[in-house]
Amino acid sequence: MDAAHTASTAPILILLGPPGAGKGTQARVLEQKFGLVQLSTGDLLRAAVIAGTDAGKAAKAVMEAGDLVSDAIVINILRDRLAEPDCAKGVILDGFPRTTVQAKALDALLSETGQRINAAISLEVDDREMVTRISGRFTCAGCGEGYHDSFKPTTRAGICDTCGGTDMTRRADDNAETVGQRLDAYHAQTAPLISYYARKNALKNVDAMGDIARISKDLAALVAHATA
Ligand code: AP5
C-alpha cells in the first residue's frame, strides 16, 4: 500500500463540544484504542506560546481572554501538523474546527488528499457543569494525561497514573471568568458547526454527562462503526 493510498483512507474524526465537555479526555482514550493521532489545536497553540513563535505571541493574550485565535493562525498550524507522517494513521481533531471558516478550510485540505470526515461527534453536555469540570482540572506535564480534583483524581496523590511523573500543571485560562467567555465563544462561533455537519450527514451525538468510562464506551462503539 503506498503512502498516498494510506492517507486517503485514514479516518478523520472531529470532536465538537464546549470547554470542559471532555474532548481531550476522550480523544486520548480513542487514540489508544484505535491507533489514531489526537490533534488538539489548543495543545498546538499552547506549545507555540511556550516556544515564543510569532503565532504563539499573537495567540497568547487572546487565549488568556478566552477568545478564539484568528482563523489564519489556527488553519496554518493545523495544516502543518496534519502533513506530518504520523497523521497518515488517521486523526481525532480535538478543538478544530471551531468556526465555519475553519470547517471549510478543513474540507479544502481533505479534498486535496482525497480524505473524508468519518464522523463529527458532538459531546452533549450541560454548560452549568463545565465550570466545575474546568476549575478542577490538572494535567501531568510529563505525558499530558488529564485529571480532575474530584471526578478523575490520580490513584496516588500527586503521582501520574500513566507515567509516574509528579509535575502537575493547571492552565492559565482555567478560571471561572475566562471559562464564561470561552463558553460564549463556543455558542456564538462553534455551535453552528453542529448543523454544518448535520447537513453533510456526518454528525453523531453522544451524551457526555456522567461516568467517563461509560462515555468512552459509547464513543468507541460509534467510532468503530464510523471507521469500519
Ligand atoms: P482548548 O485547549 O481546545 O480548550 P477548550 O475547547 O476550552 O476545551 P478544554 O480543553 O477546556 O476542554 P475539553 O473538552 O478538552 O475537556 P477535558 O477533557 O480536558 O482551547 C483553548 C484555547 O485555545 C481556546 O479558548 C482558544 O483561545 C484557542 N483555540 C484552540 N483551538 C482553537 C481553534 N480551532 N480556533 C481558534 N482558537 C482556538 O475535561 C475537562 C475536565 O473535566 C478534566 O479535568 C476532566 O478530567 C474532567 N472530565 C472529563 N469528562 C468528565 C466527565 N464525564 N465527568 C466529570 N469530569 C469529566
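Tutor: Welcome! A residue counts as buried under 20% relative accessible area and exposed over 50%, partly exposed in between (1.4 Å probe, protein chains only). This is a predicted model, where local features need pLDDT of at least 70 and side-chain atom pairs count only at pLDDT 80 or more, while totals for chains, interfaces and linings use all residues. Residues are numbered from 1 along each chain as its sequence is written, and side-chain values use heavy atoms, leaving out hydrogens and water.

Student: Which residues of α4 are called buried?

Tutor: G56, A59 and M63, each under the 20% limit. Helix α4 spans 54-65; helices are DSSP runs of H or I, at least four residues, and strands are runs of E, at least two, numbered from the N terminus.

Student: Why do the buried residues of α4 line one face?

Tutor: They fall within an arc of 70° seen down the helix axis, so they share one face. The arc uses directions from the axis to the C-beta atoms. On the other side, D54, K57 and A61 are exposed.

Student: What do the buried residues of α4 pack against?

Tutor: Against α3 (41-51) and α8 (176-190), with contact meaning heavy atoms within 4.5 Å.

Student: What makes a set of residues a nonpolar core?

Tutor: The members are buried Ala, Val, Leu, Ile, Met, Phe, Trp, Tyr and Cys residues, joined through side-chain atoms within 4.5 Å. The largest core here has 29 residues, and L93 and L106 are among those with the most contacts inside it. The strand β3 (91-94) and helix α4 are among the elements supplying at least two residues each. L93 touches several residues, including I14, L78 and L106.

Notes
Lists of a residue's contacts leave out its neighbours within four places in sequence.
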